[in-house]
Amino acid sequence: MLNIFGNSPWATKITSLLAPGDWAQYDESNYDTAPGNNNWIIAEQSGADRETISSTYLNGVTYETLFKGLDDLVGVTHGDGLVVGPGSLIRPTTIIGSQVYIGAGTIIDIGCTIGDNVTIGDNSTITEGSVIADGSVVLGVYGNFNNLN
């Protein structure tokens, strides 16, 4: 069972990746009533919001990696709270920070570095060696990014 923090439309996108009954939803008004032994996912689109929630309300909790991609993350280094949508491919030697959301159908090529609290939208392609800075939002684009912020 997962604890989901957030009740925005973005939370619907995240919970749609889960089977009914496998999660319970909370927000700032009731997060402290959640079972303490469940892992968390922060279901907010904004990386800044995820950062605030993780450093205040959910400071010290354990985060789930929610992976629905095509590969198994072998050779990928990633932080806490990674969410990857269906059909996405993340190639080896990529480094991904904490609280990162990668949308459905996205390709991240080898040697990329993705900072903390980044949101990458559906059907994006991040080419080899790209660097995406903390807090960046990349939505439905194709290209090489160097120090995007």
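## Exercises on a predicted model

In this predicted model, 5 strands form an open sheet in the order 4-6-9-12-15, and their pairing is parallel.

**Exercise 1.** Work out which strands stand at the edges of the sheet, and what this leaves on one side of each.

*Solution.* Begin with the order of the sheet, which reads 4-6-9-12-15. Strand 4 (66-67) and strand 15 (137-138) each have a single partner strand and stand at the edges, so one side of each is left without a neighbour in the sheet.

**Exercise 2.** Describe how strand 4 is joined to strand 6, and name the bridge partner of Leu66.

*Solution.* Next, follow Leu66 across to strand 6, where its bridge partner is Val83.

**Exercise 3.** Compare the radius of gyration of the protein chain with the value for a compact globule.

*Solution.* A compact globule with 149 residues would have a radius of gyration near 15 Å, and because the protein chain has 15 Å, the two agree. As a further step, take the span of the C-alpha trace along its principal axes, which is about 45 × 30 × 25 Å.

**Exercise 4.** Find what share of the residues counts as buried, and what share of the exposed area carbon and sulfur atoms supply.

*Solution.* Taking buried to mean under 20% relative accessible area, 45% of the 149 residues of the protein chain fall into this group. The protein chain exposes about 6900 Å², of which 49% is supplied by carbon and sulfur atoms.

Conventions
Residues are numbered from 1 along each chain as its sequence is written. This is a predicted model: local features need pLDDT of at least 70, side-chain atom pairs count only at pLDDT 80 or more; totals for chains, interfaces and linings use all residues. Side-chain values use heavy atoms; hydrogens and water are left out. Two strands pair if DSSP finds at least two bridges between them. Helices (H or I, at least four residues) and strands (E, at least two) are DSSP runs, numbered from the N terminus. The radius of gyration is taken over C-alpha atoms; the globule rule is 2.2 Å times the number of residues to the power 0.38. Buried means under 20% relative accessible area, exposed over 50%, partly exposed in between (1.4 Å probe, protein chains only). Accessible areas come from the Shrake-Rupley method with a 1.4 Å probe; for residues, only the protein chains shown count as cover.
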